[in-house]
Amino acid sequence: MCQLLGMNCNVPTDIVFSFEGFHRRGGLTDQHADGWGIAFFEEDGWRVFLDPEPSATSQVARFVREYPIKSRNVIAHIRKATQGKVSLANTHPFRRELWGREWIFAHNGNLDGMPDCTGLRFQPIGNSDSEHAFCWLLDQIARTFPVAPSAEELYPYLKEWAAQLAAKGTFNFLLGWHDTLFAHCSTQLWYIVRQAPFTVAHLADADLAVDFAEVTTPDDRVAVIATQPLTDNELWTQFESGQLLAFRAGSLLRICW
């Protein structure tokens, strides 16, 4: 299946270190070679890069690695196709507008029977189960709330809808909305919150380490979410099956506790 990577911070931060290991899983250290994408939240919009080529050899991935974009919310995805052909239209993350803001979605898993999007406000462009699930989720949100809800108001509804889709198969996903990052685990997802005192981190997919104490301030806080831990010398926390977590400013929101 696919691999997910999310980052949520209290100050604009680049994802170069994590992405250096993550992109290698797209055809080098792992078999997820059916396209990749990454979205950065900046100001009030998202900067999105998509490529149906393997991330390990993608020139677009090379550009992202060499251009340290700083963001408070990031979602990345490398694809192992299960439904839908390898194409730009089926490449995650997907984006849609609702209430004047863009929503970003990436999915890891496989659903037995795609949600029916006939007549819905949001329509898929490709033919993947992931994009159908995203359109269905957004339609539920738009039908339930007449105006944009807070993350705290949305949380219990999103948890229930995620459970409905997870009943159809495997439904690990990241959903980004403005400065908030929702992460749902069906089978496999991990996270770590880096904050002072910072230490040295070493990548699991490359012989590369960074001393975060040298590149951060004592006030920085960064949450990283991934399908599999990206480092081999840090303590990551595994999600429980069925768990939905929400991050803002690099911290877990209290609605998750």
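Let's start with E20. At 13% relative accessibility, E20 counts as buried, because the cut-off for buried is under 20%. Keep in mind that this is a predicted model.

What does E20 pair with? The side chain of E20 meets that of R65 in a salt bridge, 3.1 Å from N to O. Look at where the two sit. E20 is in helix α1, residues 16-22, and R65 is in helix α2, residues 59-66. They are 45 residues apart, so the pair links distant parts of the chain. R65 itself counts as partly exposed, because its relative accessibility is 27%.

Now the total. The structure holds ten salt bridges. I'll take two others.

Next pair: E42 and R47. Their side chains meet in a salt bridge at 2.6 Å, N to O. How exposed are the partners? E42 has 23% relative accessibility and counts as partly exposed. R47 has 32%, and also counts as partly exposed.

On to D179. This residue forms a salt bridge with R248, and the closest N and O atoms are 3.9 Å apart. The cut-off for a salt bridge is within 4 Å, so the pair counts. Again, distant parts of the chain are linked: D179 lies in the loop between β7 (172-177) and β8 (180-184), while R248 lies in strand β14, residues 244-248. That is 69 residues apart. R248 counts as partly exposed, at 25% relative accessibility.

One last point, on networks. Which residues do shared partners join into one network? E20, R24 and R65. That brings us back to E20, the buried residue we opened with.

Methods. Residues numbered from 1 in each chain as written. Predicted model: local features only at pLDDT ≥ 70, side-chain atom pairs only at ≥ 80, totals over all residues. Heavy atoms only, no water. Helix = DSSP H or I, 4+ residues; strand = E, 2+ residues; numbered from the N terminus. Buried < 20%, exposed > 50% of the residue type's maximum accessible area, 1.4 Å probe, protein only.
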